[in-house]
Amino acid sequence: MLIGELSRRTGVKARLLRYYEAQGLLDARREQNGYRYYDEGAVVTVRQVRALLDAGLSTEVIRSVLPCVRGEAQEAPEFDWCADLRAILQGEMTAMDEHIDNLRRTRSTLADYLAQSPVRPTR
């Protein structure tokens, strides 16, 4: 199928599909006319990529875990627990936890600043 058909079937804009291809997440073959052609499996791949992006994974991480993803589940993909998959996902979760902790500390600091400010009536 052409990129427009893949876009229609997945709801993902063609520009983003080209980005996925550039990131090594999606394969297309090129004919002599230069058009991208995708096989039926591309629909499943795009849905898997979208689900993994929604889980907060970067395209770099997705590229490494995508070979272990199975099925079409858009909300929660199924995995073949390939070597290193658990470690990769655990590392991502640890990084997210650290980011959340940093945001909480920053929020607490801002709340402390606001607690020190005098209350001014609004007009």
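Good morning. I begin with a term: pLDDT is the predictor's confidence in each residue, on a scale from 0 to 100. The structure before you is a predicted model. Its average pLDDT is 92, and 96% of the residues score at least 70. Among the elements of the protein, helix H2 has the highest mean pLDDT, at 97, while strand E4, residues 78-79, has the lowest, at 86.

Let me turn to the interior. In soluble globular proteins, nonpolar side chains tend to be buried together. Here, the largest nonpolar core has 21 residues, and the members that touch the most others are Leu6, Leu17, Tyr20 and Leu26. Which helices each supply at least two residues of this core? They are H1 (3-10), H2 (14-22), H3 (41-54) and H4 (59-65). The largest share, five residues, comes from H3.

I move on to how the helices pack, starting with H1 and H2. Their axes are 9 Å apart, and the packing angle is about 105 degrees. Angles of 65 to 115 degrees count as roughly perpendicular, and H1 is therefore roughly perpendicular to H2. On the H1 side, the contact is made by Ile3, Leu6 and Ser7; on the H2 side, by Ala14, Leu17 and Arg18.

From H2, the residues in the contact are Leu16, Leu17 and Tyr20; from H3, they are Val46, Val49, Arg50 and Leu53.

Is Ile62 buried or exposed? Its relative accessibility is 0%, so Ile62 counts as buried. Leaving out residues up to four places away in sequence, Ile62 touches Leu25, Val49, Leu52, Leu53 and Leu57. By contrast, Leu114 is 52 residues from Ile62 along the chain, and their C-alpha atoms are separated by 40 Å.

The second residue of H4 is Thr59. Thr59 has a relative accessible area of 13% and is therefore buried, the cut-off being under 20%. With residues up to four places away in sequence not counted, Thr59 touches Tyr19, Gln23, Leu25 and Leu53. Leu25 and Leu53 are also among the residues that Ile62 touches.

Finally, two residues in loops. Asn33 sits between strand E1 (29-30) and strand E2 (36-37). Its relative accessible area is 45%, so Asn33 is partly exposed. Asn33 is eleven residues from Ala22 in sequence, and the two are 19 Å apart in space, C-alpha to C-alpha.

The other is Asp84, in the loop between E4 and helix H5 (85-116). Most residues other than glycine have a negative phi. Asp84 is not a glycine, yet its phi is positive, at about 75 degrees. Is Asp84 buried or exposed? Its relative accessibility is 57%, and Asp84 therefore counts as exposed.

Thank you for your attention.

Notes: Residues numbered from 1 in each chain as written. Predicted model: local features only at pLDDT ≥ 70, side-chain atom pairs only at ≥ 80, totals over all residues. Heavy atoms only, no water. Core = buried A, V, L, I, M, F, W, Y, C linked by side-chain atoms within 4.5 Å. Buried < 20%, exposed > 50% of the residue type's maximum accessible area, 1.4 Å probe, protein only. Helix = DSSP H or I, 4+ residues; strand = E, 2+ residues; numbered from the N terminus. Contact = heavy atoms within 4.5 Å. Axes fitted to C-alpha atoms, helices over the stretch in contact; angles between N-to-C directions. Parallel < 35°, antiparallel > 145°, perpendicular 65-115°, else oblique.
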